[in-house]
Amino acid sequence: MPAMAHEALIAAALDAEAFSPFGSVLDLATLPGRPVNENRGLRCDLPNVLEHRTGASSPSMAVYRLAASACPFPIRMFERHPLSDQLFVPITSTACLVAVAPSGQDGCPDLSGIRAFIGQSGQGIVYRAGVWHLPLVSVGGEGTFLMQMWETGDAARDCEVHDLTVPVAIKG
């Protein structure tokens with residue numbers, strides 16, 4: 001692994017207040033529901049959390065299957081979706097590493113403002129449109145996540161990528 005020029009960040013527990021500048025956290029266990037399947041279950045509808053922006057006209061839903069990663073984890077790149085919020089809901093997961101950064105004056109991630117969090121299996125996350133973030137990382141085991149966002153169909157417009165010249169390590 002290449003040497004890290006930045007001091008390693010320690011990931012905090014994911015909570016709604018700390019994450020609010022970058023998006024929102026869904027506590028899946030507290031979603032209201034209605035009885036279904038002869039009262040053997042609850043249907044808990046997700047709130048409409050994705051803001052639709054001009055230009056992104058097609059809803060996109062996918063399942064991400066992620067191999068397990070370990071901490072410390074090196075951030076080598078950030079991505080952002082300028083035209084849509086992006087939702088991730090764990091289907092199977094032990095925990096996930098979430099890292100975000102504000103935009104600098106040059107439009108690139110401001111590395112001095114990186115925040116890192118550890119999300120648990122009962123938490124969904126919504127990255128606000130335009131927020132630089134580490135692609136989702138499953139820690140502690142493999143993970144499967146449902147992803148939803150709006151897209152144009154033009155990969156370059158839907159997802160901007162910024163490679164870091166020097167990786168930043170995150171400790172769990």
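**Figure 1. Phe 19 and Phe 22 are both buried.** Buried means under 20% relative accessible area, exposed means over 50%, and partly exposed lies in between, using a 1.4 Å probe and protein chains only. This is a predicted model, in which local features need pLDDT of at least 70 and side-chain atom pairs count only at pLDDT 80 or more, while totals for chains, interfaces and linings use all residues. Residues are numbered from 1 along each chain as its sequence is written, and side-chain values use heavy atoms, with hydrogens and water left out.

**Figure 2. Aromatic rings come together in 5 pairs in this structure.** Rings of Phe, Tyr and Trp (its six-membered ring) pair if their centres lie within 6.5 Å; planes under 30 degrees apart count as stacked, over 60 as edge-to-face and the rest as tilted. The ring centres of Phe 19 and Phe 22 are 6.2 Å apart and their planes stand at 50 degrees, so this pair is tilted. For Tyr 64 and Phe 88 the centres are 5.3 Å apart and the planes stand at 85 degrees, so that pair is edge-to-face. Tyr 64 sits in strand β6 (residues 58-66) and Phe 88 in strand β9 (residues 86-92), so the pair ties together parts that are 24 residues apart in sequence. Strands (E, at least two residues) and helices (H or I, at least four) are DSSP runs, numbered from the N terminus. Tyr 64 is partly exposed at 31% relative accessibility, while Phe 88 is buried at 3%. Phe 19, Phe 22, Tyr 64, Phe 88, Phe 117 and Tyr 127 form one aromatic cluster.

**Figure 3. Five strands line up in an open sheet.** Their order is β3-β12-β9-β15-β6, and the pairing is antiparallel. Two strands pair if DSSP finds at least two bridges between them. At the edges stand β3 (23-27) and β6, each with a single partner strand, so one side of each has no neighbour in the sheet. On average, neighbouring strands here are turned by 20 degrees against each other, direction ignored; the axes are lines fitted to C-alpha atoms, for helices over the stretch in contact, and angles run from 0 to 180 degrees between N-to-C directions.

**Figure 4. Zoom in on Thr 144, a residue of strand β15.** Antiparallel to β9, strand β15 (residues 143-151) pairs with that strand over 6 bridges. Across from Thr 144 stands Thr 92. Is Thr 144 buried or exposed? With 18% relative accessibility, Thr 144 counts as buried. Leaving aside neighbours within four places in sequence, Thr 144 is in contact with Val 63, Tyr 64, Arg 65, Val 89, Pro 90, Ile 91 and Thr 92. Contact means heavy atoms within 4.5 Å.

**Figure 5. Strand β11 (residues 115-120) has a parallel partner in strand β2 (residues 12-13).** These two strands are joined by 2 bridges, and Ala 13 stands opposite Ile 118 in β11. Strand β10 (residues 95-101) also pairs with β11, this time running antiparallel and joined by 6 bridges. There, Cys 96 stands opposite Gly 119.

**Figure 6. Step back to see the chain, with its 2 helices and 16 strands.** Along its principal axes, the C-alpha trace spans about 60 × 35 × 30 Å. Of the 172 residues, 40% count as buried. Among contacts between residues at least 6 apart in sequence, 82% join residues at least 24 apart.
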